[in-house]
Amino acid sequence: MTEADVAANPFVQFEKWFEQAMKYHPKDANAFVLSTATKDARPSARVVLLKGVEKERFVFYTNYDSRKGKELLENSFAAMTFFWSSIEKQVRVEGKVQKVSEAESDEYFKIRPLGSKAGAWVSPQSTVIAGRNELDKKHHDFIIEHENKEIERPPFWGGFCIIPSRIEFWQGRTSRLHDRILYTFEKDKWKIERLAP
(Lines give C-alpha, C1' and ligand atoms only; values in the text may rest on other atoms or scores of the structure.)
Protein backbone atom coordinates (compact mmCIF):
# COMPACT_ATOMS: atom_id res chain seq x y z
CA MET A 1 0.00 0.00 0.00
CA THR A 2 1.58 3.26 -1.12
CA GLU A 3 0.48 6.83 -0.71
CA ALA A 4 -0.46 6.82 -4.40
CA ASP A 5 -2.71 3.78 -3.88
CA VAL A 6 -5.04 5.35 -1.33
CA ALA A 7 -7.95 7.71 -1.92
CA ALA A 8 -7.46 11.44 -1.34
CA ASN A 9 -10.34 11.35 1.16
CA PRO A 10 -10.06 8.92 4.11
CA PHE A 11 -13.82 8.30 4.17
CA VAL A 12 -13.63 6.99 0.60
CA GLN A 13 -10.71 4.79 1.66
CA PHE A 14 -12.65 3.58 4.71
CA GLU A 15 -15.64 2.59 2.56
CA LYS A 16 -13.35 0.53 0.29
CA TRP A 17 -11.84 -1.33 3.24
CA PHE A 18 -15.21 -1.70 4.97
CA GLU A 19 -16.67 -3.35 1.87
CA GLN A 20 -13.77 -5.83 1.89
CA ALA A 21 -14.26 -6.47 5.60
CA MET A 22 -17.96 -7.19 5.06
CA LYS A 23 -17.04 -10.06 2.72
CA TYR A 24 -14.89 -11.75 5.36
CA HIS A 25 -16.55 -10.55 8.58
CA PRO A 26 -20.23 -10.11 7.63
CA LYS A 27 -21.46 -10.43 11.24
CA ASP A 28 -19.02 -8.08 12.93
CA ALA A 29 -17.27 -5.90 10.36
CA ASN A 30 -18.84 -2.88 12.05
CA ALA A 31 -17.47 -3.79 15.51
CA PHE A 32 -14.83 -1.44 16.84
CA VAL A 33 -13.06 -0.66 20.10
CA LEU A 34 -14.21 2.69 21.46
CA SER A 35 -11.65 4.34 23.74
CA THR A 36 -12.78 7.16 26.01
CA ALA A 37 -11.35 8.99 29.00
CA THR A 38 -12.65 10.85 32.00
CA LYS A 39 -11.97 14.57 32.41
CA ASP A 40 -8.93 13.64 34.52
CA ALA A 41 -7.61 11.39 31.70
CA ARG A 42 -8.43 7.93 33.10
CA PRO A 43 -9.00 5.77 29.99
CA SER A 44 -11.42 2.92 29.34
CA ALA A 45 -12.33 0.88 26.25
CA ARG A 46 -15.06 -1.45 25.03
CA VAL A 47 -16.43 -2.92 21.80
CA VAL A 48 -19.25 -0.95 20.15
CA LEU A 49 -21.06 -1.27 16.80
CA LEU A 50 -20.75 1.36 14.07
CA LYS A 51 -24.18 2.34 12.77
CA GLY A 52 -23.29 4.79 10.04
CA VAL A 53 -20.63 6.77 8.22
CA GLU A 54 -22.18 9.97 6.97
CA LYS A 55 -21.32 13.65 6.62
CA GLU A 56 -17.68 12.76 7.33
CA ARG A 57 -18.46 11.35 10.77
CA PHE A 58 -18.72 7.91 12.38
CA VAL A 59 -22.03 7.28 14.19
CA PHE A 60 -22.93 4.89 17.03
CA TYR A 61 -25.64 4.71 19.70
CA THR A 62 -25.66 4.11 23.46
CA ASN A 63 -27.17 4.98 26.82
CA TYR A 64 -26.04 8.51 27.70
CA ASP A 65 -25.95 7.52 31.40
CA SER A 66 -23.60 4.57 30.81
CA ARG A 67 -19.92 4.84 31.67
CA LYS A 68 -18.96 5.51 28.07
CA GLY A 69 -21.82 7.98 27.67
CA LYS A 70 -20.75 9.96 30.71
CA GLU A 71 -17.11 9.95 29.66
CA LEU A 72 -17.99 11.13 26.15
CA LEU A 73 -20.04 13.97 27.61
CA GLU A 74 -17.33 15.12 30.03
CA ASN A 75 -14.35 14.64 27.70
CA SER A 76 -15.37 15.28 24.11
CA PHE A 77 -12.45 13.44 22.47
CA ALA A 78 -12.34 9.71 21.72
CA ALA A 79 -10.66 7.07 19.59
CA MET A 80 -12.02 4.08 17.69
CA THR A 81 -10.16 1.06 16.34
CA PHE A 82 -11.39 -1.42 13.74
CA PHE A 83 -9.44 -4.65 13.26
CA TRP A 84 -10.22 -7.23 10.57
CA SER A 85 -7.76 -10.05 11.22
CA SER A 86 -8.44 -12.23 8.18
CA ILE A 87 -7.57 -9.43 5.76
CA GLU A 88 -4.85 -7.95 8.01
CA LYS A 89 -6.33 -4.48 8.06
CA GLN A 90 -6.78 -2.01 10.90
CA VAL A 91 -8.25 1.49 10.96
CA ARG A 92 -7.62 3.90 13.84
CA VAL A 93 -9.73 7.03 14.20
CA GLU A 94 -9.23 9.95 16.61
CA GLY A 95 -11.41 12.98 16.91
CA LYS A 96 -14.01 15.16 18.57
CA VAL A 97 -17.28 13.68 19.81
CA GLN A 98 -20.74 15.22 19.50
CA LYS A 99 -24.26 14.00 20.12
CA VAL A 100 -26.24 13.44 16.94
CA SER A 101 -29.55 15.29 16.66
CA GLU A 102 -32.60 14.03 18.53
CA ALA A 103 -34.30 13.49 15.16
CA GLU A 104 -31.47 11.18 14.02
CA SER A 105 -31.61 9.25 17.28
CA ASP A 106 -35.41 8.93 17.00
CA GLU A 107 -35.15 7.70 13.42
CA TYR A 108 -32.61 5.02 14.31
CA PHE A 109 -34.50 3.91 17.45
CA LYS A 110 -37.63 3.26 15.37
CA ILE A 111 -35.89 0.56 13.32
CA ARG A 112 -34.47 -1.32 16.31
CA PRO A 113 -36.02 -4.72 17.16
CA LEU A 114 -38.60 -4.79 19.96
CA GLY A 115 -36.21 -6.60 22.34
CA SER A 116 -33.53 -3.96 21.83
CA LYS A 117 -35.99 -1.12 22.38
CA ALA A 118 -37.12 -2.75 25.62
CA GLY A 119 -33.51 -3.30 26.65
CA ALA A 120 -32.73 0.38 26.20
CA TRP A 121 -35.55 1.28 28.59
CA VAL A 122 -35.03 -1.34 31.32
CA SER A 123 -31.23 -1.59 31.59
CA PRO A 124 -29.58 1.04 33.82
CA GLN A 125 -26.40 0.51 31.84
CA SER A 126 -23.08 0.36 33.74
CA THR A 127 -24.73 0.42 37.19
CA VAL A 128 -24.70 -2.40 39.74
CA ILE A 129 -27.89 -4.53 39.72
CA ALA A 130 -29.15 -7.23 42.10
CA GLY A 131 -29.03 -10.04 39.54
CA ARG A 132 -29.87 -11.33 36.09
CA ASN A 133 -33.37 -12.50 37.03
CA GLU A 134 -34.43 -8.98 37.97
CA LEU A 135 -33.26 -7.62 34.62
CA ASP A 136 -34.92 -10.43 32.65
CA LYS A 137 -38.22 -9.90 34.49
CA LYS A 138 -38.19 -6.15 33.80
CA HIS A 139 -37.44 -6.84 30.13
CA HIS A 140 -40.20 -9.45 29.84
CA ASP A 141 -42.76 -7.25 31.62
CA PHE A 142 -41.88 -4.25 29.45
CA ILE A 143 -42.40 -6.25 26.25
CA ILE A 144 -45.77 -7.60 27.46
CA GLU A 145 -46.90 -4.12 28.53
CA HIS A 146 -45.90 -2.53 25.22
CA GLU A 147 -47.02 -5.27 22.85
CA ASN A 148 -48.51 -3.73 19.69
CA LYS A 149 -47.64 -0.22 20.92
CA GLU A 150 -45.15 2.22 19.53
CA ILE A 151 -42.14 2.56 21.85
CA GLU A 152 -40.58 6.00 21.97
CA ARG A 153 -36.83 6.49 22.38
CA PRO A 154 -35.75 6.97 26.00
CA PRO A 155 -34.49 10.51 26.64
CA PHE A 156 -31.29 9.03 28.12
CA TRP A 157 -30.46 7.01 24.97
CA GLY A 158 -29.20 8.20 21.59
CA GLY A 159 -26.39 8.70 19.16
CA PHE A 160 -22.89 10.06 19.24
CA CYS A 161 -20.64 10.79 16.30
CA ILE A 162 -16.88 11.08 16.06
CA ILE A 163 -15.64 13.81 13.75
CA PRO A 164 -12.08 12.71 13.02
CA SER A 165 -8.94 14.80 12.91
CA ARG A 166 -6.71 11.71 12.36
CA ILE A 167 -7.41 8.43 10.55
CA GLU A 168 -4.73 5.78 10.17
CA PHE A 169 -4.95 2.82 7.78
CA TRP A 170 -2.75 -0.14 8.75
CA GLN A 171 -2.08 -3.01 6.36
CA GLY A 172 -0.25 -6.08 7.68
CA ARG A 173 2.97 -7.07 5.88
CA THR A 174 5.70 -9.66 6.37
CA SER A 175 8.58 -9.18 8.83
CA ARG A 176 6.44 -6.74 10.81
CA LEU A 177 7.13 -4.11 8.13
CA HIS A 178 3.47 -3.10 8.02
CA ASP A 179 2.11 -0.28 5.88
CA ARG A 180 0.73 2.66 7.86
CA ILE A 181 -0.87 5.57 6.03
CA LEU A 182 -1.99 8.52 8.18
CA TYR A 183 -4.56 11.14 7.20
CA THR A 184 -4.48 14.33 9.27
CA PHE A 185 -7.07 17.09 8.84
CA GLU A 186 -5.21 20.40 8.62
CA LYS A 187 -6.30 23.74 7.19
CA ASP A 188 -9.57 22.31 5.85
CA LYS A 189 -7.95 19.47 3.93
CA TRP A 190 -6.55 15.98 4.50
CA LYS A 191 -2.78 15.56 4.55
CA ILE A 192 -1.49 12.04 3.75
CA GLU A 193 1.76 10.71 5.25
CA ARG A 194 3.45 7.34 5.77
CA LEU A 195 4.35 6.18 9.28
CA ALA A 196 7.10 3.73 10.15
CA PRO A 197 5.72 0.37 11.34
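## Basis of the model

The structure is a predicted model, in which local features need pLDDT of at least 70 and side-chain atom pairs count only at pLDDT 80 or more, while totals for chains, interfaces and linings use all residues. Residues are numbered from 1 along each chain as its sequence is written, and side-chain values use heavy atoms, with hydrogens and water left out.

## Overall make-up

The chain holds five helices and nine strands. These elements are DSSP runs numbered from the N terminus, with helices (H or I) of at least four residues and strands (E) of at least two. Read from the N terminus, their order is α-β-β-β-β-α-β-β-α-α-α-β-β-β. The C-alpha trace spans about 60 × 35 × 30 Å along its principal axes.

Of the 197 residues in the chain, 43% are buried. Here buried means under 20% relative accessible area, exposed means over 50%, and partly exposed lies in between (1.4 Å probe, protein chains only). A contact means heavy atoms within 4.5 Å. Among contacts between residues at least 6 apart in sequence, 62% join residues at least 24 apart.

## Surface and charge

The accessible surface of the chain is about 11600 Å², and carbon and sulfur atoms account for 51% of that surface. Areas come from the Shrake-Rupley method with a 1.4 Å probe; for residues, only the protein chains shown count as cover.

There are 32 positive and 29 negative side chains, and the centres of the two sets are 3 Å apart. Lys and Arg count as positive and Asp and Glu as negative, with His and the chain ends not counted. Each charge is placed at NZ of Lys, CZ of Arg, CG of Asp or CD of Glu.

Side chains of opposite charge can pair when their charged atoms come close. A search of the whole structure finds 16 salt bridges, each defined as a side-chain nitrogen of Lys or Arg within 4 Å of a carboxyl oxygen of Asp or Glu.

E168 takes part in a salt bridge with R92, with 3.1 Å between the closest N and O atoms. This pair links distant parts of the chain: E168 belongs to strand 7 (residues 157-171) and R92 to strand 6 (residues 89-99), 76 residues apart. E168 counts as buried because its relative accessibility is 5%, whereas R92, at 33%, counts as partly exposed.

E168 also meets R180 in a salt bridge, at 2.7 Å from N to O. R180 lies in strand 8 (residues 179-186), twelve residues from E168 in strand 7, and this pair too links distant parts of the chain. The relative accessibility of R180 is 19%, so R180 counts as buried.

## Other salt bridges

R132 and D136 form a salt bridge with an N to O distance of 3.0 Å. Both residues are in helix 5 (residues 132-145), four residues apart, which is about one turn of the helix. R132 counts as exposed at 57% relative accessibility, while D136 is partly exposed at 36%.

## The setting of H25

H25 sits in the loop between helix 1 (10-24) and strand 1 (31-37). Its relative accessibility is 14%, so H25 counts as buried.

The side chain of H25 makes a polar contact with the side chain of S86 at 2.9 Å. A polar contact is a pair of N or O atoms within 3.5 Å; within protein, one must be able to donate a hydrogen and the other to accept it, and residues adjacent in sequence count only if both atoms are side-chain atoms. Leaving aside residues up to four places away in sequence, H25 touches W84, S85 and S86.

## Loop residues

N148 is in the loop between helix 5 and strand 7 and is exposed, with a relative accessible area of 80%. S175 is in the loop between strand 7 and strand 8 and counts as exposed at 64% relative accessibility.

A41 belongs to the loop between strand 1 and strand 2 (43-49). This residue is exposed, with a relative accessible area of 58%. A41 and E71 are 30 residues apart in sequence, and their C-alpha atoms are 9.8 Å apart in space.
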